[in-house]
Every structure is written in structure tokens, then in C-alpha cells.
Amino acid sequence: MKKLLPFLLSFSGIFTFSQQIESSKIILNDKISIRAIEIYDNKVWYSGTDSKFGFVDLKNSKNQKQIRLSEKKLQFRTLGQDKKSFYAINIESPAEFFKIDKKSLKYEVVFRDTVKTAFYDALHFVNDKLAYTFSDADKDSKLKLAKFDNGKWAMLKNDVVLNEGEAAFAASNTNISSTKNYLWIATGGKTSRILKLNFKNNQFKIFNTPVIQGESSQGIYSIDFLDDTFGIAVGGDYTKQEANINNIATTNDGGETWQIQASGQNTGYTTCVKIRPGSKGREIISVGDQHISYSSDFGKTWKKISEEKGFFVCQWINENTVVFAGNGKISVMKLKF
């Protein structure tokens with residue numbers, strides 16, 4: 001979805017609650033907006049604006065490298081990986097699917113979508129051989145998915161029709177999630193739903209959600225699933241970032257039904273959510289342009305643990321360490337439990 005999210009750079013301090021923040025360190029400063037990251041070989045890999053792609057070493061932040069994947073000023077909001085390569089797709093048309101070798105960093109375009117409405121919102125690898133990426137719909141309003149299967153990209157035929165004004169948000173590359181048997185896709189805008197793909201029969205089920213929706217700026221921005229049953233969805237309205245009504249929901253039945261959590265009692269608009277490894281879904285971290293927040297009770301209540309602004313995406317490195325990326329920076333936060 002072609003939305004310009006505000007760039008916020010100020011830092012106001014860090015606050016703790018039951019979890020103690022042991023350290024928080026910025027490891028990259030650059031003129032870039034980052035909305036997609038991957039962890040590999042003890043490095044944070046990122047794609048962003050101005051065709052930039054690169055890494056920062058987690059053990060030694062001075063060990064970093066950045067390349068440009070195109071002479072054009074492309075914007076990347078997606079990033080994924082298999083065993084040997086990274087993949088990144090630029091937003092807007094023509095959408096070019098870049099494959100980057102992990103060892104040499106040599107890159108090539110392996111697939112193109114030249115339709116004028118192409119706008120790829122998220123890319124997700126289920127495993128080394130299977131991945132999905134989806135774009136805003138074409139004129140026929142059908143769900144537009146490309147599938148990576150055994151090394152090749154191709155458009156995936158399906159019968160899912162999106163409602164008028166229903167699209168997705170390329171805010172953090174996290175509105176797709178998967179577990180052993182299912183893939184989930186979150187939509188937003190005038191309608192915000194969950195699309196669930198069964199890997200066994202390749203059939204979709206579609207579920208309505210109670211998350212705020214109705215305007216192009218509203219809906220689900222990010223989802224994460226622990227297993228085939230428990231998942232969380234977050235979002236809100238990027239034009240009203242303090243608003244916190246009906247912007248967090250959880251499911252205990254694989255996405256079929258959703259329960260609103262902490263409505264009116266959370267920190268507002270949220271672009272990325274990640275379940276803490278080893279917590280069995282109990283502990284969750286989230287980030288928005290205005291906050292970093294934490295839940296220790298399956299998303300029912302939330303505490304703001306940092307007021308650092310300008311982050312869009314986060315990823316756990318291990319049970320105690322989280323990487324954040326956003327407007328002009330990448331940061332690593334260590335939590336002590």
C-alpha cells in the first residue's frame with residue numbers, strides 16, 4: 001500500500017518494568033529507511049531505500065558492508081533468505097525480484113512483475129524451498145501472490161477476491177507468517193482480514209477480524225504465530241499514532257476467531273510484533289514509530305519499555321536480544337530477565 005509513514009528521529013530515553021534493559025546500542029547510522037531485516041551468520045542484513053542492501057556484524061559493528069542493487073533509486077521493503085541467497089523485491093512497478101548470493105554478494109534479477117499496480121508488501125520464506133510474496137491487487141481485485149518453489153518464482157493462481165479498499169501495508173515485511181501446516185496473510189485498509197492457506201491442499205480460508213478498519217490507513221500491519229493455533233495481530237492507524245482502540249488482537253484457534261486485547265490501554269499504532277523465543281507465546285515485543293513495548297501475558301497487557309522513535313521492524317536474535325531497524329538506524333537491545 002502506497003503510504004508515506006512519517007520519519008521520526010528523536011530519542012527520549014529508556015524505561016524498564018519487570019524486564020531490565022541491560023543495554024541498547026545503535027550499530028548503524030545511515031541515510032536510509034529500513035523496513036525489512038534478516039539474521040544470518042551473526043549479522044543483521046537489511047534492505048531499504050535508494051536500492052541499498054547490506055549487513056552489520058553483531059559482534060563487531062565496525063564490520064559492515066553496503067551495496068546498491070540498482071542504479072535506480074529503488075525502495076525495498078521486503079527481504080527473505082534461503083540457504084544460499086537473499087531475496088529482495090522493490091515496491092512499485094516494475095517490481096524486480098533480486099537474488100543476492102550470501103558469499104559473494106553478487107546479485108541478479110530472477111523475476112519481474114511489470115503490471116502497473118505491482119506493489120509488493122511482504123516476502124516470507126517458509127523454508128529453504130518455499131516462499132510467498134504478495135502485492136496489492138491488480139484491476140481484477142484478486143489476491144496477488146508469487147510463490148518460490150524449488151528455486152523458481154511464479155505467480156500463484158487462486159480464487160481469493162479482496163474487498164474494495166482492501167490491501168496491505170509494506171511497513172515491516174511482517175504481515176505474512178507461517179507454521180508447520182499453514183500460511184497466514186493479514187490485509188488492511190477499508191477491510192482487515194486474515195487469509196489462511198493450508199499447505200496440504202493449497203486452499204484458502206478467509207476470516208474477518210475486529211481490528212480497527214474502514215479507512216485506507218487502518219488495519220493490521222503485522223502478525224506473528226507461535227504454532228498452528230496461537231497468533232497475534234497488531235496495527236492501528238498511521239495517521240493517528242496515539243490512537244489505541246482495537247489495534248491489538250490474538251487468536252487461539254489458528255486465526256479463525258480474534259479477540260481484541262488492551263484496547264485503550266496500549267501504546268498505539270504498531271508496525272511490527274514478534275513472539276519471544278522459548279516463551280511459548282507468553283512474552284511478546286512490539287514496535288511502532290513512537291515506542292517499543294512488551295507484553296508478558298500473551299498480549300493482554302502492554303508496557304512501554306522505550307520511547308526511542310523511528311523504528312519500524314524488529315527481530316529476536318535469541319531469547320534475550322532484539323534487533324530494531326527503521327529510519328536511519330539499526331539498534332540492538334539486550335534484555336535481562
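I started with isoleucine 212, which sits in the loop between β18 (203-208) and β19 (218-225). Strands here are DSSP runs of E with at least two residues, helices are runs of H or I with at least four residues, and both are numbered from the N terminus. I noted that this is a predicted model, where local features need pLDDT of at least 70, side-chain atom pairs count only at pLDDT 80 or more, and totals for chains, interfaces and linings use all residues. Residues are numbered from 1 along each chain as its sequence is written, and side-chain values use heavy atoms, with hydrogens and water left out.

**Entry 1: isoleucine 212**

I looked up its cover. Isoleucine 212 is partly exposed, at a relative accessible area of 26%. The scale is: buried under 20% relative accessible area, exposed over 50%, partly exposed in between, with a 1.4 Å probe and protein chains only. What does isoleucine 212 touch, not counting residues up to four places away in sequence? I found Gln218, Gly219, Gly236, Ile245 and Asn246. Contact means heavy atoms within 4.5 Å. Glycine 236 is 24 residues from isoleucine 212 in sequence, yet their C-alpha atoms are 6.3 Å apart in space.

**Entry 2: leucine 156**

I then turned to leucine 156, in strand β12 (residues 152-156). Leucine 156 is partly exposed, with a relative accessible area of 25%. Neighbours within four places in sequence aside, leucine 156 is in contact with Tyr132, Leu145, Ala146 and Lys147. From leucine 145 to leucine 156 I count 11 residues in sequence and 5.5 Å between C-alpha atoms.

**Entry 3: salt bridges**

I used this rule: a side-chain nitrogen of Lys or Arg lies within 4 Å of a carboxyl oxygen of Asp or Glu. How many salt bridges does the rule give? The count is nine.

Lysine 52 and aspartate 30 form one of them, with the closest N and O atoms 3.1 Å apart. Lysine 52 belongs to strand β3 (residues 52-57) and aspartate 30 to strand β1 (residues 20-40), so this pair ties together parts 22 residues apart in sequence. Are the two residues buried or partly exposed? Lysine 52 is buried at 11% relative accessible area, while aspartate 30 is partly exposed at 25%.

Arginine 193 and glutamate 166 also meet in a salt bridge, 2.9 Å from N to O. This pair links distant parts of the chain, 27 residues apart: arginine 193 is in strand β17 (residues 193-198) and glutamate 166 in strand β13 (residues 166-167). Both arginine 193 and glutamate 166 are buried.

Glutamate 307 and lysine 304 make another, at 3.7 Å from N to O. Glutamate 307 is partly exposed at 24% relative accessibility, and lysine 304 is partly exposed at 34%. I also noted that Asp113, Asp138 and Lys144 are joined into one network by salt bridges that share partners.

**Entry 4: the whole protein**

The C-alpha trace spans about 50 × 45 × 35 Å along its principal axes. Of the 337 residues, 58% are buried. Among contacts between residues at least 6 apart in sequence, 49% join residues at least 24 apart.
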